[in-house]
Amino acid sequence: MNQPSKKIGTIRLQNLSYAHKQAATLMAAVELDLFTHVSRGCSQLSDIADTLQISRINAERLVVACAALGLLEKTDGEYQNAADVDRFLVKGKPTYIGPWLLFSRMDFEKWRDLGTFLKSDEPPKTLGLYETLTEEMAREYHEATYSVGLGAGMLFARDVDMSQRSLILDLGGGSGAYCIAAVQKYPHLQAVVLDFEPVCRITDRFIAQWGLTENITTRPGDFTRDPLPQDADLMIMASNLPQYSGQMLIRILSKAYESLVPGGEFHLVGETLNDEKTGPLGPALWGIHESLFGSEGRSHSESEVRHYLETAGFSKVTINPFIPGSLSRITGIKK
Ligand SMILES: C[S@@+](CC[C@H](N)C(=O)[O-])C[C@H]1O[C@@H](n2cnc3c(N)ncnc32)[C@H](O)[C@@H]1O
């Protein structure tokens, strides 16, 4: 029997062209703290309008859009948070990632002109976004990355046995989230976060907040140019991958290989593509994001990263799932 032919329509394409409305709805709901109030029992439209101090009609617009996006669920006229919203978007919970979601507003305007950026013939800048990093940008950026990075750091500390290691070097360690989580689990460890100078000033505050200044220090520098500290037996480079070209990654990884102690391990936690380069979506979008900042970066596949690590000298390279759809952890050993 013939299969009925699948009707081709315009809705998928239209919805994609409106995707900025979805992002803006989510960000407005986070900014107005809708989900925190819903979790505290504010579950009817009239309560939501009063609590958020917005008109009834705007409360209705917001709540209807959030329900259509699957952020709120409606039962018998009452709204509840979807499970992921309740876990990650309720202020006060240690799992709250609101600052990270709101950080996307930083380049919201630029995306409108993506076509123009893609046509640019300006010479690429090695550091892209980071060429003009100020302390204010670093503060906003890392309050955002910290909110999502600490969870990733805890996963890393759960997956990687660091009991026999003594010194971590975290290249582009940002808020210090990975080192903070590592030292929490393995208090004997020392750790160094290497990042740009304005970032290190912010990192120092996070480290102090956790009372970990005895274990974790910062080292201002640019890992594409400056020498790396010696003696680390475990190195991490997390969420930096699409910022750099393959050639630059091989240079950075070769430097890392040279400075790691023999037997040491390197973990690249990166936004990798599948080997066909057909997804996942998040890593693919991080690649195109780089065009907004004129860097040489692009998304890289897992097998490309394996090749970069092996070219730099690492052996026993393994690809490990980390955060499916977002990050893989690719590991190599220095003989
Ligand atoms: C997306 S953040 C990730 C931070 C942290 N690794 C994490 O996963 O939470 C990228 C970080 O890499 C740093 N970075 C990028 N290129 C760098 C370079 N050439 N030298 C030092 N730090 C760099 C940035 O300043 C930023 O803090």
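These notebook entries record what I looked up in a predicted model.

**Entry 1: helix 4 and helix 5**

I began with helix 4, which covers residues 45–52, and helix 5, which covers residues 56–68. I found that they pack at an angle of about 110°, with their axes 9 Å apart. Helix 4 is therefore roughly perpendicular to helix 5, since angles of 65 to 115 degrees count as such. I noted that the crossing of these two helices is right-handed.

I then asked which residues of helix 4 and helix 5 meet. On the side of helix 4 they are Leu45, Ser46, Ile48, Ala49 and Leu52. On the side of helix 5 they are Arg56, Ala59, Glu60, Leu62 and Val63. Sorted by class, this contact holds seven nonpolar, one polar and two charged residues.

**Entry 2: helix 13 and helix 15**

Next I turned to helix 13 (residues 246–259) and helix 15 (residues 302–312). Their axes come within 8 Å and cross at roughly 45°. Helix 13 and helix 15 are therefore oblique to each other. I recorded a right-handed crossing for this pair.

From helix 13, the residues in the contact are Gly246, Leu249, Ile250, Leu253, Ser254 and Tyr257. They meet Tyr308, Leu309, Thr311 and Ala312 of helix 15. I counted by class here as well: seven residues are nonpolar, three are polar and none is charged.

**Entry 3: a cis peptide bond**

I looked up the backbone next. Most peptide bonds are trans. Gly279 and Pro280, however, are joined by a cis peptide bond, with omega at about -5°. Where does Pro280 lie? I located Pro280 in the loop between strand 7 (265–270) and helix 14 (281–289).

Most residues other than glycine have a negative phi. Ser239 sits in the loop between strand 6 (234–238) and helix 13. Is Ser239 buried, exposed or partly exposed? Its relative accessibility is 32%, so Ser239 counts as partly exposed.

Lys316 is not a glycine either, and I found a positive phi of about 50° there. Lys316 belongs to strand 8, which spans residues 315–323.

Note on methods:
Residues are numbered from 1 along each chain as its sequence is written. This is a predicted model: local features need pLDDT of at least 70, side-chain atom pairs count only at pLDDT 80 or more; totals for chains, interfaces and linings use all residues. Side-chain values use heavy atoms; hydrogens and water are left out. Axes are lines fitted to C-alpha atoms, for helices over the stretch in contact, and angles run from 0 to 180 degrees between N-to-C directions. Helices (H or I, at least four residues) and strands (E, at least two) are DSSP runs, numbered from the N terminus. Angles under 35 degrees count as roughly parallel, over 145 as roughly antiparallel, 65 to 115 as roughly perpendicular and the rest as oblique. A crossing is left-handed if the near helix is turned anticlockwise from the far one by less than a right angle, and right-handed if clockwise. Contact means heavy atoms within 4.5 Å. Ala, Val, Leu, Ile, Met, Phe, Trp, Tyr, Cys and Pro count as nonpolar, Asp, Glu, Lys and Arg as charged, and the others, Gly among them, as polar. Buried means under 20% relative accessible area, exposed over 50%, partly exposed in between (1.4 Å probe, protein chains only).
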